[in-house]
Amino acid sequence: MWFLIPPYLKTIYNSILNQSETLENIVGKKNINNGIQTSANDVFVIKATKVDKNFIYFEKNGNDYKIEKSATKPYYETARKKGEDKLNTYRTLKPNAFVIYPYQVTKGKAEFIVEKKFKKNYPFAYKYLESNKSRLAERDVKPIPKTKNEWYRYGRSQYLELGEIKEKIIIGVMSSGEKYPIDFSKTLHTAGGTAGYCSIYLSPKNPYSIYYIQAILNSRYVEWIIHLRGEVFRGGYIARGTKVLNNLPLRKIDFTNAKDKALHDKIVEIQKELIKIQDEIDANIGNKRALTPLQSQFSREKTALERLLAKLYDLGNDDSLIPSIKELYEAN
């Protein structure tokens with residue numbers, strides 16, 4: 001990929017790269033994913049009107065339905081209107097829908113639930129899908145189903161196991177920075193493209209904390225690199241699909257070096273604290289008496305994190321050449 005860097009910024013750009021490793025190498029290529037592709041979200045994705053212990057109730061095309069809760073997974077649906085996307089680095093991701101999931105995961109591998117078993121175990125979900133059978137039959141499904149009884153498969157078979165990941169960072173492909181929330185709800189999400197999401201997770205033996213990865217991705221250092229390399233779209237949004245994410249430089253940590261490890265751990269500590277404070281802020285919307293000290297506390301912790309990141313990268317006076325995320329997007 002070709003992109004221009006002003007001569008006076010080449011030294012600082014190279015300095016960041018020299019102390020970094022690609023995201024792909026740090027987390028592993030298989031751990032940077034697109035989302036699922038049902039090829040019929042209008043059927044599979046549902047917005048609940050009511051949820052109880054066993055069932056999800058919803059409306060589609062003027063008809064009321066209920067299906068077994070156990071036949072679904074939590075889902076994050078792409079915002080339909082500008083401004084509805086609530087993704088924020090300091091807010092834990094909250095699923096906003098459910099998706100019918102005709103699979104079972106065994107030993108880490110998703111397997112399609114055959115029709116006879118699905119109908120027996122989830123009669124209400126089966127009845128709903130059967131009412132949409134003609135719509136599902138229109139799709140281009142790959143790999144091609146082996147039998148005619150697999151009409152309710154997803155359109156693609158990739159990333160079906162994402163619903164088993166306990167912690168993952170969700171990223172909007174078309175984003176304007178500071179949108180790297182962590183999901184703890186085993187949420188599935190729409191595949192990439194211009195309106196979907198990507199996700200990042202860590203293998204159990206990876207020494208890095210997901211909070212460290214989140215803090216670095218959210219930093220002005222990485223956002224500046226994205227801005228230099230990325231394709232800017234209308235409204236200042238920059239594409240950050242898997243191809244962009246794979247090659248993002250993250251400040252690598254030498255875990256045998258006490259100073260490096262201490263910085264990693266302190267960044268993790270403050271990142272966790274910022275998310276905790278943001279949760280308290282959200283819980284106290286409208287309560288000015290509670291909000292004022294919380295917002296001040298958040299600002300102090302954010303400043304402390306920025307100082308730690310500056311110490312981590314150790315760019316000296318050149319550090320001031322890197323604009324804040326806000327400045328990057330105001331420039332567009």
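Q: What makes Tyr221, Val222, Glu223, Trp224, Ile225, Ile226, His227 and Leu228 of helix α8 count as buried?
A: Welcome to this predicted model! A residue counts as buried when its relative accessible area is under 20%. Tyr221, Val222, Glu223, Trp224, Ile225, Ile226, His227 and Leu228 are the residues of α8 that are buried.

Q: Why is α8 called mostly covered?
A: Count its residues: α8 has ten, and eight of them are buried.

Q: How do you know how helix α1 lies against α8?
A: Two packed helices are described by the angle between their axes and the distance between the axes. For α1 (residues 10-18) and α8 (residues 220-229), the axes come within 12 Å and cross at roughly 115 degrees. The crossing of α1 past α8 is left-handed.

Q: Which residues make the contact between α1 and α8?
A: Contact means heavy atoms within 4.5 Å. On the α1 side the contact is made by Ile12, Tyr13, Ile16 and Leu17, and on the α8 side by Tyr221, Trp224, Ile225, Leu228 and Arg229. Sorted by class, these give eight nonpolar, no polar and one charged residues.

Q: Why are β2 and β13 said to stand at the edges of their sheet?
A: The open sheet has four strands in the order β2-β15-β11-β13, paired antiparallel. β2 (32-34) and β13 (182-183) each have a single partner strand, so one side of each has no neighbour in the sheet.

Q: How do you know that β11 and β13 pair?
A: Pairing needs at least two bridges. Strand β11 (residues 168-172) is joined to β13 by two bridges, with the strands running antiparallel. Ile169 is found opposite Ile182 of β13. Helix α7 (residues 210-217) packs on this sheet, where it touches β11, β13 and β15 (197-200), and its direction makes about 20 degrees with that of β11.

Q: Why is strand β7 called largely enclosed?
A: Four of the five residues of β7 (residues 72-76) are buried, so the rest of the structure largely encloses this strand.

Q: What makes β8 and β14 partners of β7, and in which sense does each pair, parallel or antiparallel?
A: The requirement is at least two bridges. β7 has four bridges to strand β8 (residues 97-100), running antiparallel, and Thr72 stands opposite Ile100 in β8. With strand β14 (residues 188-189), β7 has two bridges in the parallel sense, and Tyr76 faces His189 there as its opposite residue.

Key:
Residues numbered from 1 in each chain as written. Predicted model: local features only at pLDDT ≥ 70, side-chain atom pairs only at ≥ 80, totals over all residues. Heavy atoms only, no water. Axes fitted to C-alpha atoms, helices over the stretch in contact; angles between N-to-C directions. Left-handed = near helix turned anticlockwise from the far one by under 90°. Nonpolar A, V, L, I, M, F, W, Y, C, P; charged D, E, K, R; others polar. Buried < 20%, exposed > 50% of the residue type's maximum accessible area, 1.4 Å probe, protein only.
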